[in-house]
Amino acid sequence: MNQNESASRPEEETSAEEPISPPAPARLLLVDDEPGLRTAVQAYLEDEGFDVTTANDGEEGWTAAQELIPDLVISDVMMPRLDGYGLLKRLRGDERLGGTPVIFLTAKGMTADRIEGFQAGVDDYIPKPFDPDELVARVRNVVRRQERLLAEAARYADADIGQMARQITEIRSLLQQTGSHKCATPATHSFTPREASVLQLVAEGLMNKEIARRLETSIRNVEKYVSRLFTKTGTTSRTELVRYALENGLVD
């Protein structure tokens, strides 16, 4: 191999590779009633590459969480209208947001207060005043742990995709044989365009990774869309979801 051939080979290999899009930044929801602290923490976290949305208190934070579906919530404890514990309780009681990690950011630092926070379901607890670098380190740690959990859940879901595909085929065949492919009065749902797309692809038996690739989104987002579909259709599994969608003419 001459020098020219050796020099050209890396270019050929590089050009053959598909460009890899950088992962989307983690979406954080910061809830605190202190404007100065809220602005400072938001700026610091955004400088570290996070996508940060803020809220002035627990009530505003609850509304924002429902719209944003954040990857992590950082909340003060002592706030007007709805405190951190009230916000945490609402999050844990919501099917879409129940697994969202939460970090309490509060002036309280006594052991009893920390124990109360952990018993309520908080993932981490940082007393004020705090070191910004420590905050970032804890945020990254919680976000990465959540990503590992979601990846593991997706892996197990994909492992069962072959069985689910067979079940979907059986459901389609049964509905065709009985002539009940669609209900006489099919249900109506207010699906978003993206939810409708995910539902169609789930009905086609695609794996989470394939759906994410088809829609150019993350596996995490696919899981969130499927969770929303469960809530809106009153189903608890993908097989039930597909059967419901077929019976009500929600998919092709």
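This is a predicted model: local features need pLDDT of at least 70, side-chain atom pairs count only at pLDDT 80 or more; totals for chains, interfaces and linings use all residues.

Visitor: Sheet to start. What is the strand order of the open sheet?

Guide: The order is S2-S1-S3-S4-S5. That is 5 strands with parallel pairing.

Visitor: Which ones are the edge strands?

Guide: S2 (51-55) and S5 (124-127). Each pairs on one side only.

Visitor: How much are neighbouring strands turned against each other?

Guide: By 20° on average, ignoring direction.

Visitor: How many bridges join S1 to S2?

Guide: There are 5 bridges between S1 (residues 27-31) and S2. The two run parallel. Leu29 stands opposite Thr53 in S2.

Visitor: Which strands does H4 touch?

Guide: H4 (residues 84-93) packs on the sheet and touches S1, S3 (72-75) and S4 (102-106). Its direction makes about 175° with that of S4.

Visitor: And what does H5 touch?

Guide: H5 (residues 111-119) also packs on the sheet. H5 touches S4 and S5, and its direction makes about 150° with that of S5.

Visitor: New topic. At what angle do H8 and H10 pack?

Guide: H8 (residues 193-203) and H10 (residues 219-233) pack at about 90°, with axes 10 Å apart. So H8 is roughly perpendicular to H10.

Visitor: Which residues make the contact?

Guide: From H8: Arg194, Glu195, Val198, Leu199 and Val202. From H10: Tyr225, Val226, Arg228, Leu229 and Lys232. The contact residues split into 6 nonpolar, no polar and 4 charged.

Visitor: What about H8 and H11, what's the angle there?

Guide: About 105°, again with axes 10 Å apart for H8 and H11 (residues 238-247). These two are therefore roughly perpendicular to each other.

Visitor: Which residues meet?

Guide: Leu199, Val202 and Ala203 in H8 meet Arg238, Leu241, Val242 and Ala245 in H11. This contact has 6 nonpolar residues, no polar and 1 charged. Leu199 and Val202 of H8 are listed in the H10 contact and in the H11 contact.

Visitor: What comes just after H9?

Guide: Glu216, with a positive phi of about 55°.

Terms used. Residues are numbered from 1 along each chain as its sequence is written. Side-chain values use heavy atoms; hydrogens and water are left out. Axes are lines fitted to C-alpha atoms, for helices over the stretch in contact, and angles run from 0 to 180 degrees between N-to-C directions. Helices (H or I, at least four residues) and strands (E, at least two) are DSSP runs, numbered from the N terminus. Angles under 35 degrees count as roughly parallel, over 145 as roughly antiparallel, 65 to 115 as roughly perpendicular and the rest as oblique. Contact means heavy atoms within 4.5 Å. Ala, Val, Leu, Ile, Met, Phe, Trp, Tyr, Cys and Pro count as nonpolar, Asp, Glu, Lys and Arg as charged, and the others, Gly among them, as polar. Two strands pair if DSSP finds at least two bridges between them.
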